[in-house]
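Thanks for making time this morning.

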Amino acid sequence: MADPVTLAALVLVVALILYTLFGGADFGGGIWTALAFGPRRREQREALFNAIGPVWETNHVWLIFIVVTLFTAFPSGFAALFIALMPPLVLALIGINFRGAAFAFRHYGRETGREVPLSATVFEIASVLTPFTLGMAVSATAAGTITINYGITATGTAVWLTPFTIMGGVIGLAICAYLAPVYMTVRVAPPLQDDFRDAAIAAGVALGVATALMIPLSLRYAPRFSQRLLESWPMLFVVLAVFAGVGTQLLLLWRRFKVAQLCAGATVVLTVTGFAAALAPDLIVGEMSLEAAAAPLSSLVAYLAILPFGALILIPSLVFLYWTFRGEPSSTLPPAGSENGSPEKM
Amino acid sequence: MDNLLAARALMGASLAFHIVYATIGIGLPLMLMLAEGLALKTVDDTWHLLARRWIRPAGVLFAIGAVSGTILSFELGLLWPQFMAFSGPMIGLAFSMEGFAFFTEAIFLALYIYGEERLSRRALFLCTIPLTLASAVSAVFVISANGWMNTPAGFQMIDGAPANVQPMRAFFNQAWLHQAVHGTLAAYVATAFAVAGFYAVALLKGRGEADGKKALSLSLAVALVAAPLMLVTGDWAADAVAEHQTAKLAAMEAHFKTSAAAPLIIGGWPDPETGTVSYGIKIPKLLSILAHHDPDAVVQGLDAFPQGTTPDPRLVHPFFDLMVGSFFVMALALICYWWPRWRKKETEPGRAQLKCIAFAAPFGIIALESGWMVTEFGRQPWVVMGYLRTSQAVTPNDGLLLVFATFLFVYLALTVGIMRLLLERKHEDTGGEVTHG
């Protein structure tokens with residue numbers, strides 16, 4: 001259990017879960033600025049925007065953390081995945097880039113009193129493109145389409161573009177769209193709260209439908225993965241995820257938002273954990289085991305040894321960040337004009 | 001353009017782009033910390049207001065730095081999978097530690113930028129301390145990976161694959177310390193000059209009186225402290241390169257033939273065909289003195305290495321001269337600015353001084369970029385010096401030209417966006433002064 005390869009793989013799964021919980025909600029915020037509805041459309045967008053502001057960069061550092069962990073602890077797996085999945089990863093990268101830039105431009109542009117419609121559109125499109133393509137890339141590791149013969153990783157559309165990976169992308173989107181409004185319900189007051197409640201319930205249904213559809217699809221297109229998921233202990237996570245998901249819907253209906261937030265998080269954690277548990281002991285299903293992908297023992301040990309020190313600095317800082325910006329989102333940048341040397345804002 | 005060239009062009013463009021924002025991400029936190037510290041110490045609130053005025057550009061520039069850094073971490077795998085499969089176990093540690101530092105940096109920058117209404121003044125200042133430390137430390141960590149590529153350590157080659165990996169030895173490779181210190185200081189100088197240039201131009205145009213002078217004093221004080229250290233660490237780096245990266249030194253100095261009492265060549269265009277340098281200025285024996293502290297020492301030239309294993313001096317020597325030249329431009333500007341203030345007790349910078357500073361402003365970034373070109377082009381054709389060629393590291397995927405073109409477009413779009421945002425803001429500053437001032 002406590003061998004370095006397993007520990008490093010667990011770190012990878014934890015990082016993936018944290019990225020999904022934080023980065024996913026962040027993307028979801030972008031998705032719901034695109035899908036804002038009803039008479040309070042504008043207020044929904046504002047609230048989402050202000051909530052994302054202070055934390056988006058931190059949320060996305062988890063992705064860098066995943067990439068770094070992958071090439072440090074599983075270098076040959078990293079190389080194979082980045083060869084096989086180049087097209088969806090390039091698309092994700094374009095999305096990440098435009099999303100970050102558009103957010104910064106819109107944010108700081110808006111603060112100086114201008115609306116920046118182009119930035120807003122780019123932000124919304126990129127918020128859909130990125131989780132979709134990342135979802136495709138992650139699910140492709142389970143699809144059984146990545147092949148490595150004599151050290152040569154196969155490339156081509158067939159590797160990453162299958163009904164299974166497309167549904168993986170959809171599930172990625174649904175997770176993001178689900179988390180953001182659930183998190184928002186505890187941060188805003190009615191009537192905006194009710195809007196986010198409706199959005200969360202709708203996205204919860206979408207996520208439920210998408211994951212349900214994934215079962216026949218994986219039986220057909222990713223038999224090895226579905227066998228491991230459905231015929232062994234990882235099935236436990238699937239069952240628990242279903243319970244947590246249904247529970248969240250009920251809690252939202254009853255307006256128990258604080259508990260609903262935790263329950264929604266648990267739903268997503270269980271879904272991702274189930275996926276990872278079914279993938280183990282492989283990094284690329286049927287093709288490359290974690291053991292085969294792993295770095296030499298000394299590198300794994302060095303990597304694992306620095307983690308506690310990193311965590312010692314990181315965890316208190318993260319807690320302080322989220323604690324400072326808890327509650328009602330506000331835009332605390334000074335209004336435009338106050339940067340001109342006038343002491344009025346003090 | 002073949003795949004290898006497209007991959008190199010894309011990696012080069014991405015790094016050249018990222019370096020600008022990473023540099024500001026290291027330099028600006030120091031300035032924020034100093035300004036906030038001065039505000040608390042002198043009870044002069046204008047220092048605090050000055051720092052708060054930097055948060056908009058800091059926010060945008062840091063965001064671009066973060067996304068361009070994400071691009072780079074992906075490109076390592078997308079473009080150079082074999083390099084990462086080879087090097088991951090050795091340089092992964094440096095990247096992991098950098099990851100934590102960067103994480104810390106992102107957190108405290110967010111707290112500083114958005115925390116005005118939620119944190120006390122002292123807490124805001126305290127946030128700038130981990131921000132400054134984390135940004136410097138992240139540079140020091142990530143440069144270890146580059147140092148390792150230049151002077152690989154911490155493994156043995158057995159049957160064509162690295163074995164007996166010692167990650168700590170890889171981290172503390174020979175080139176790491178001098179590159180890290182020199183590179184981090186360069187970021188301070190480059191940011192200080194960029195900030196000083198911004199305010200010098202504003203003052204020349206008759207804007208932002210009180211602010212401008214404070215910002216100039218602060219940024220040029222940072223530059224004044226860092227610049228002499230640049231010279232010292234530059235000499236240290238050159239010594240180390242002379243000892244451990246002989247081919248790079250030969251390319252830097254356009255030194256073709258191994259010889260005793262080697263001259264230093266300044267400027268000129270090296271011609272690898274004939275092994276000569278046209279139009280260069282030769283200073284007798286200086287290269288031997290600089291490289292080995294002995295006027296008659298033998299300095300290895302490019303001819304000391306097998307054909308096809310050395311860098312092209314046409315891509316290294318001019319950038320080396322540009323880096324050193326840029327330093328002297330900035331040094332002159334610093335003297336121009338500080339000499340009258342020190343000798344004649346003048347407190348107001350004159351127009352001539354402001355023009356000097358404005359002219360010298362871009363040379364910090366120019367020096368940093370060209371120094372990086374020297375280190376990268378100077379290692380070719382190797383990606384891991386002596387072990388893995390760049391051509392062996394590239395991805396087997398086709399269509400890199402398309403990817404290159406796409407990202408070139410991304411970078412252009414970002415640059416246009418940033419320029420519009422920053423320049424329009426400047427516009428508003430002048431307008432704002434009328435309404436609020």
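**Confidence first, then chain A**

In this predicted model, chain B has a mean pLDDT of 91, and 97% of its residues reach 70 or more, where pLDDT is the predictor's confidence in each residue, from 0 to 100. Over residues 426-437 of chain B, however, pLDDT stays under 50, and for these residues the model has 16 contacts beyond four places in sequence, a contact being two residues whose C-beta atoms, placed from the backbone, lie within 7 Å. Where pLDDT is low, the predicted coordinates should not be read in detail. For the complex, the predictor gives an ipTM of 0.88 and a pTM of 0.90.

A word on conventions: residues are numbered from 1 along each chain as its sequence is written, and chains are lettered from A and ligands numbered from 1 in the order in which they are written. Local features need pLDDT of at least 70 and side-chain atom pairs count only at pLDDT 80 or more, while totals for chains, interfaces and linings use all residues.

Turning to chain A, its C-alpha trace spans about 70 × 45 × 35 Å along the principal axes. Of its 346 residues, 58% are buried, meaning that 20 or more other C-beta atoms, placed from the backbone, lie within 10 Å of the residue's own. Among the contacts in chain A with a separation of 6 or more, 78% join residues 24 or more positions apart.

Note on methods. Buried ≥ 20, exposed ≤ 12 C-beta atoms within 10 Å, placed from the backbone.
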